[in-house]
Amino acid sequence: MKEWLDRIPVEQDTSAVWTNSVIHLRAGDDAWIAENLAEWVSEYFGHDTVYLIDPHDGVLRMVQNGEKVNAAAFDRDRAILDPMITELREKMAIAAAGNPSDSTEAVSGFGLEDIRTMPDGRAAIISIRPILPSDSSLVQALGEEFLHISIVDLGPDVSEAIGKKFEIADLRFDLQSNGDSDRLSTPVLDSSGRIVGFFSWLPYEPAYELIVDTSPMIGLCLLVLVLAGALLITRLRRTTRRLVETEAEATFFAYHDPLTRLPNRALFEQELTRALADGRRRRRAVVLQCIDLDRFKHVNDTLGHPAGDALLIQVGRRLGALVGEHDVLARLGGDEFALIQPHVVEITDALGLAQRMINALEEPFDLDGHEVTISGSIGLMSSHGGDLSAEDLIGRADIALYEAKTGGRNRYMLYGGELGAAVRERLALELDLREALRADQGLKLAYQPIYCSRTQHILGAEALLRWDHPVRGSLSPAVFIKLAEERGLIKQLGLWALRQACTFAARSRLPWVAVNVSPIQFRDEKFADRVFGILADTGLHPARLEDRSDGGAPAAKLI
């Protein structure tokens, strides 16, 4: 029986020691709980009954033989289970007394297993385990633990499994000793020494005397087997826990930013879609706040990228301390953050939070002894009853953010449905530029020859970027370069121009070609590698991007 008492907790912990289990239990995600924690454990491991208990010892879900049942099942077993639940919680309280705000480490490995006679007369193995986070990304205070209860009835299935493993003929479990003189039997005891039933089996007659004669040796062998089994189970438990932790870590980083450990863009989009769907069902308002840090690039340029990373971590913690329990704060990339508020009663509540976040960002940050001051701009958009798609909500919040930044920064702006002509024009131009880059249509290079005034020979040419807009006609860089720099398109645009110029020069007899480069491109640590990669792809010799004249124009002109 010890093997079963040890095995059932290991099977429970494959789902009970998992950060996602805690998250979805708190969220009340019934579908996820059934698929990963309740019905799944019952079906996969053959646990006859599974109960999920909330932090207040109320029954959250009841499953029997892989099917959800009503509360009557738990009420039937409550007389046995309630004292065991109380005993386990008391043990966890004692263990976590030194750190009640985060009890996970203190109560890891805790559980209560026993064999009991249930109120309806059947005997069963009961195992109760706390449901705990598998990593430090989620804090669980003492008293917030959900409990996982598995019950395996001591019936024909268990007897058959034990008999088959140990080659015991006709092994049976009975609540009372049947007094059959032809069968051997042994009592099954609970943790307090009370008899809960009897295992009985038919002895193998030809070897019976041999067993009696060799019983000391057999006992020694059984002891060795028990010790070996215990060692194997211990190693299996450790291996299982490592596998669960590895899987949980991989799952976590698939949906979280590795730097700030906040939800990433993928999880943000899932949560926004879910919040809007819930808003449609419940006729609730969903508010999206797009947050952009002001002067963040200055920190990167002056103190380096490690300081910028440290600043992003502190920003994530500072903003995270302000948001509500049901809000989702995410890092979308760079210095862009977003906040989903799925339970907003009044829009003034969201505006108040926006102002508090702006105030928090104004407070100085300590970066390894350097005091740094930044600010933040926020754009807000509200969807009433899920009347907008996720794309529309993001687009309008981004427009509000743009107005907040162009209006002086360090402020928030709520999208009101009307845009100024300049904002509309810049937004339309940005969308057109993105489409031109995506489709590789409309953008072109004009080549201005560079002459030697003394010999009148062409020394080289400067590549000038032009855009044949389908509506506005030919546009010069003065119209769209600054917009590309502000909206994060300059790297893609600059590399496109460089590749086109190198391709042209490689096919011509020009001594060299000059290509304009934005200072923003030099902030890319891999910029030099990208340039040499383009040279290799186009077959242009690196010398033809240098000054090959005797005092003419430079071959790499910087804007």
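**A guided chat about loops, helices and cores**

Student: Where is the place of Asp 440?
Tutor: Keep in mind that we're looking at a predicted model. In it, Asp 440 sits in the loop between α15 and β17. α15 covers 421–439 and β17 covers 443–451, and the place of Asp 440 is in the loop between those two, α15 and β17.

Student: Does Asp 440 count as buried, partly exposed or exposed?
Tutor: Buried would need under 20% relative accessible area, and exposed would need over 50%. Asp 440 has 47% relative accessibility, so it counts as partly exposed.

Student: What is the phi of Asp 440?
Tutor: Most residues other than glycine have a negative phi. Asp 440 isn't a glycine, yet its phi is positive, at about 55°.

Student: Which residues have the most contacts inside the largest nonpolar core?
Tutor: That core has 33 residues. Elements giving two or more residues to it include β17, β18 (458–469) and α16 (477–486). The residues with the most contacts inside it are Leu 443, Trp 467, Leu 493 and Leu 545.

Student: Which element gives the largest share of this core?
Tutor: α17 (490–507) is among the elements that give two or more residues. The largest share, eight residues, comes from α17.

Student: Which residues is Leu 493 in contact with, leaving aside neighbours within four places in sequence?
Tutor: Contact here means heavy atoms within 4.5 Å. With those sequence neighbours left out, the partners of Leu 493 are Leu 437, Leu 443, Leu 465, Phe 480, Ile 481 and Ala 484.

Student: How many residues are in the other core that lies apart from it?
Tutor: Among the members of this other core are Ile 291, Val 299, Val 323 and Val 344. Its count of residues is 29.

Student: How far apart are the end C-alpha atoms of α5, and what span should we expect?
Tutor: Helix α5 takes in residues 72–95, which is 24 residues. At 1.5 Å a residue, it should span 34 Å, and that agrees with the end C-alpha atoms being apart by 33 Å.

Student: Where does α5 bend?
Tutor: The bend is about 70°. It falls at Arg 78.

Student: Which elements do the buried residues of α5 pack against?
Tutor: Those buried residues include Phe 74, Ile 80, Leu 81 and Met 92, along with Asp 77 and Arg 89. They pack against β1 (49–53), β2 (59–64), α6 (104–107), β4 (112–117), β5 (123–131) and β6 (146–153).

Student: Are α10 and α14 roughly parallel or roughly perpendicular?
Tutor: Their axes come within 10 Å and cross at roughly 110°. Angles of 65 to 115 degrees count as roughly perpendicular. That makes α10, relative to α14, roughly perpendicular.

Student: Which residues make the contact between α10 and α14?
Tutor: On the α10 side they are Phe 268, Leu 272, Thr 273 and Leu 276. On the α14 side they are Ala 390, Leu 393 and Ile 394.

Student: Does His 24 count as buried or exposed?
Tutor: His 24 is found in helix α2 (residues 19–27). Leaving aside neighbours within four places in sequence, His 24 is in contact with Asp 29, Trp 32 and Ile 33. At 14% relative accessibility, His 24 counts as buried.

Key. Residues numbered from 1 in each chain as written. Predicted model: local features only at pLDDT ≥ 70, side-chain atom pairs only at ≥ 80, totals over all residues. Heavy atoms only, no water. Helix = DSSP H or I, 4+ residues; strand = E, 2+ residues; numbered from the N terminus. Expected span 1.5 Å × (residues − 1). Bend = angle between axes of the 7 residues up to and from the residue. Buried < 20%, exposed > 50% of the residue type's maximum accessible area, 1.4 Å probe, protein only. Core = buried A, V, L, I, M, F, W, Y, C linked by side-chain atoms within 4.5 Å. Axes fitted to C-alpha atoms, helices over the stretch in contact; angles between N-to-C directions. Parallel < 35°, antiparallel > 145°, perpendicular 65-115°, else oblique.
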